[in-house]
Amino acid sequence: MKTVFVLLDSMEKVTGFVRDVSGVEGRALIRFGMSYVDAKSIVAVFTLDLTKALRLEIENWKEDYAVLLKRYLIL
């Protein structure tokens with residue numbers, strides 16, 4: 001499992017993020033406080049506070065995903 005932080009501070013970023021993360025094999029979850037939401041669900045992602053960095057956890061991380069998610073990552 002790999003944990004990265006993402007910023008989804010616009011509607012375009014959220015829709016692009018969900019589209020891109022849907023290409024990830026296995027589970028991709030966003031941890032928000034003590035809860036988790038499915039990062040592949042646009043409805044779930046829009047329920048979050050998008051003004052803050054979000055913790056993305058990808059179960060079966062591959063280095064290719066870093067390129068796929070590059071524009072959302074907080075380095």
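Reader: Where is the place of glutamate 59?

Author: Glutamate 59 sits in the loop between strand 4 and helix 3. Helices (H or I, at least four residues) and strands (E, at least two) are DSSP runs, numbered from the N terminus. The model is a predicted one: local features need pLDDT of at least 70, side-chain atom pairs count only at pLDDT 80 or more, and totals for chains, interfaces and linings use all residues. Residues are numbered from 1 along each chain as its sequence is written, and side-chain values use heavy atoms, with hydrogens and water left out.

Reader: Is glutamate 59 buried, exposed or partly exposed, and what does glutamate 59 touch?

Author: Buried means under 20% relative accessible area, exposed over 50%, and partly exposed in between (1.4 Å probe, protein chains only). Glutamate 59 has a relative accessible area of 36%, so it is partly exposed. A contact means heavy atoms within 4.5 Å. Not counting residues up to four places away in sequence, glutamate 59 touches Met1, Gly26 and Arg27. Its C-alpha atom is separated by 6.3 Å from that of alanine 28, 31 residues apart along the chain.

Reader: How many helices and strands does the protein have, and in what pattern?

Author: There are three helices and four strands, and along the sequence they follow the pattern β-α-β-β-α-β-α. The radius of gyration, taken over C-alpha atoms, is compared with the globule rule, 2.2 Å times the number of residues to the power 0.38. For this protein the radius of gyration is 11 Å, close to the 11 Å given by the rule for 75 residues, so the protein is as compact as a globular protein of that length.

Reader: What is the strand order in the sheet, and which strands stand at the edges?

Author: Strands of a sheet pair through backbone hydrogen bonds, either parallel or antiparallel. Two strands count as paired if DSSP finds at least two bridges between them. Here four strands make an open sheet in the order 1-4-2-3, with antiparallel pairing. Strand 1 and strand 3 (35-38) are at the edges with a single partner strand each, so one side of each is left without a neighbour in the sheet.

Reader: Which residues stand opposite arginine 31?

Author: Arginine 31 stands opposite arginine 55 in strand 4, and its bridge partner in strand 3 is tyrosine 36. Four bridges join strand 2 to strand 4 in the antiparallel sense; strand 2 and strand 3 also pair antiparallel, over four bridges. Strand 2 and strand 3 form a hairpin with two residues between them, and glycine 33 in the turn has a positive phi of about 65°.

Reader: How many residues are in the largest nonpolar core, and which have the most contacts inside it?

Author: In soluble globular proteins, nonpolar side chains tend to be buried together. A nonpolar core is a set of buried Ala, Val, Leu, Ile, Met, Phe, Trp, Tyr and Cys residues joined through side-chain atoms within 4.5 Å. The largest one here has 23 residues, and Leu8, Phe17, Ile30, Leu56, Ile58 and Leu69 have the most contacts inside it. Helix 1 gives the largest share, four residues. Leaving aside neighbours within four places in sequence, the contacts of leucine 8 include Lys13, Val14, Phe17 and Tyr72.

Reader: Which residues of helix 1 are buried, and what covers them?

Author: Val14, Gly16, Phe17, Val18, Asp20 and Val21 are buried in helix 1. Their cover includes strand 1, strand 2, helix 2, strand 4 and helix 3 (64-68).
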